[in-house]
Amino acid sequence: MARKLKPVSIAGIEGDALISEDINYSADIPEYPIEKGYNVSDTIILKPVQLSITLYISDSPATWRNRSGHKPATNRTKKICKKLEKLYFKRQLVKVVTTDKIYTSMGITSMTISHSSEIGYARQIQMSLKKVYVTKRKTVYVPSYILQSGETKSNAGTATTSSSSSNSTSSSSGSSSSGSSSSSSSSSSSSSKKSSVLYGVASSLGFL
């Protein structure tokens, strides 16, 4: 069964004829130098697919005459050009349908509308498009026990900071004063012991 051909379309806007179509596949292979004196690679990074097409549009299309929108009409070419310009300035992602493949989420990187005396009121439109990968934001639920600490799973609390210079100064001065008072009490205790011993010796010898 023969495949039924369809005209090339960009965001639903169909062209009368496809003059050329180029698909570009490219990739980056990063290299890392090592001490042995050569570069090594460990991955291949695929770049977005790029598509370049050239369409032919006229007021009296000679192709696809049985399709809606391809019948002769005044200012048809002008209206199609304005629609394509609107897509470009709105930076809108489009779907491109060719005879071989369907490309989605394509962004227009460049567009050239050619007009010459050879083609009269018709236009040749050259467009370059690139695949755009759109990321999505995802919300992840974090259980409350992950935010708690310790075996009891109690709240970890908040941390506070304070200046330790005054505390350390007062602490050191307090330590020195307590040390000096301790030293004086021990010396007085030692003097009392010595005087009591001498008193006992003198009393036993009959001097007192």
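## Two salt bridges

Let's start with charged side chains: the count here comes to 2 salt bridges, a salt bridge being a side-chain nitrogen of Lys or Arg within 4 Å of a carboxyl oxygen of Asp or Glu. Side chains of opposite charge can pair when their charged atoms come close. This is a predicted model, where local features need pLDDT of at least 70 and side-chain atom pairs count only at pLDDT 80 or more, while totals for chains, interfaces and linings use all residues. Residues are numbered from 1 along each chain as its sequence is written, and side-chain values use heavy atoms, leaving out hydrogens and water.

One of the salt bridges joins Arg76 and Asp16, whose closest N and O atoms are 2.8 Å apart. This pair links distant parts of the chain, 60 residues apart: Arg76 sits in helix H1, and Asp16 in the loop between strand S2 (13-14) and strand S3 (17-24). Helices (H or I, at least four residues) and strands (E, at least two) are DSSP runs, numbered from the N terminus. Arg76 is buried, with a relative accessible area of 7%, and Asp16 is buried too, at 2%. Here buried means under 20% relative accessible area, exposed means over 50%, and partly exposed is in between (1.4 Å probe, protein chains only).

Asp28 and Lys47 also meet in a salt bridge, at 3.6 Å from N to O. Again distant parts of the chain are linked: Asp28 is in strand S4 (residues 27-28) and Lys47 is in the loop between strand S7 (45-46) and S8, 19 residues apart. Asp28 is partly exposed at 36% relative accessibility, and Lys47 is partly exposed at 40%.

Now find His70, in the loop between strand S8 (50-57) and helix H1 (76-89). Is His70 buried or exposed? With 1% relative accessibility, His70 counts as buried.

The side chain of His70 makes a polar contact with the side chain of Glu14 at 2.8 Å, and another of 3.2 Å with the side chain of Asp16. A polar contact is a pair of N or O atoms within 3.5 Å; within protein, one must be able to donate a hydrogen and the other to accept it, and residues adjacent in sequence count only if both atoms are side-chain atoms. His70 and Glu14 are 56 residues apart in sequence, yet their C-alpha atoms are 8.4 Å apart in space. Leaving out residues up to four places away in sequence, the residues that His70 touches include Pro7, Trp64 and Arg76; contact means heavy atoms within 4.5 Å.

## Strands side by side

Next, the strands. Strand S9 (residues 94-97) and strand S10 (residues 102-114) run antiparallel and are joined by 3 bridges; two strands pair if DSSP finds at least two bridges between them. S9 and S10 form a hairpin with 4 residues between them. Val97 has Ile102 as its bridge partner in S10, and Val94 stands opposite Met106 in S10.

S9 also pairs with strand S1 (residues 9-10), antiparallel, through 2 bridges, and Ile10 stands opposite Val96 there. S10, in turn, pairs with strand S11 (residues 123-131) in the antiparallel sense over 8 bridges. In that pairing, Ser114 has Gln124 as its partner in S11.

In a regular strand the side chains alternate between the two faces of the sheet. For S9, the covered face holds Val94 and Val96, and the uncovered face holds Lys95 and Val97.

## The nonpolar core

Which residues have the most contacts inside the largest nonpolar core? They are Ile53, Val96, Met127 and Leu129, in a core of 20 residues. S8, H1, S9, S10 and S11 are the elements that give two or more residues to this core. A nonpolar core is a set of buried Ala, Val, Leu, Ile, Met, Phe, Trp, Tyr and Cys residues joined through side-chain atoms within 4.5 Å.

Beyond its neighbours within four places in sequence, Met127 is in contact with residues including Ile10, Ile53, Leu84 and Ile108.

## Along helix H1

Thr77 is found in helix H1 and is buried at 4% relative accessibility. Among the residues that Thr77 touches, not counting those up to four places away in sequence, are Ile57, Tyr121 and Arg123.
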